[in-house]
Amino acid sequence: MNDWRYSDEAMDARQRLLTSCISYNGVLNPRHYEFCDWVISNGAHQSLSIGDDGLYDDSLNTLYLEWYYTTQIVPEEPN
């Protein structure tokens, strides 16, 4: 399988995303996996900045709000 979402770069970004979620929230929740999948699938991780601690900076919070609004509050209507 040659899916870019499972490349080494994407897997590193996914690990950094999950670690950042734990850092910000204190625990890892199932919704964090959904959020990470959404971020990687649409390439949004490429616009995030990495802080001095090696984690994504506060721009991750804005992206999380966008994900939450897009997928949880206003889900897509079925065709």
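Modeller: Happy to! Let us begin with a definition: helices (H or I, at least four residues) and strands (E, at least two) are DSSP runs, numbered from the N terminus. By that rule the protein has 3 helices and 0 strands, and reading along the sequence gives the pattern α-α-α. The radius of gyration, taken over C-alpha atoms, is 13 Å, close to the 12 Å of the globule rule for 79 residues, so the protein is as compact as a globular protein of that length. That rule is 2.2 Å times the number of residues to the power 0.38.

A word on where this comes from: it is a predicted model, in which local features need pLDDT of at least 70 and side-chain atom pairs count only at pLDDT 80 or more, while totals for chains, interfaces and linings use all residues. Residues are numbered from 1 along each chain as its sequence is written, and side-chain values use heavy atoms, with hydrogens and water left out.

Now to helix α2, which covers residues 30-41. The expected span of a helix is 1.5 Å times one less than its number of residues.

Next, what does α2 hide? Here buried means under 20% relative accessible area, exposed over 50%, and partly exposed in between (1.4 Å probe, protein chains only). The buried residues of α2 are H32, F35, C36, W38, V39 and I40. They pack against α1 (8-25) and α3 (59-73), where contact means heavy atoms within 4.5 Å. In the protein as a whole, 30% of the 79 residues count as buried.

S41 also belongs to α2, but this residue is partly exposed, with a relative accessible area of 31%. Leaving aside neighbours within four places in sequence, S41 is in contact with W4 and R5. S41 and A10 are 31 residues apart in sequence, and their C-alpha atoms are 9.2 Å apart in space.

Following the chain onward, α2 is followed by G43, whose phi is positive, near 75 degrees. Then look for H45 in the loop between α2 and α3. H45 counts as buried because its relative accessibility is 7%. Beyond its neighbours within four places in sequence, H45 is in contact with W4, A13, V39, I40 and Y56.
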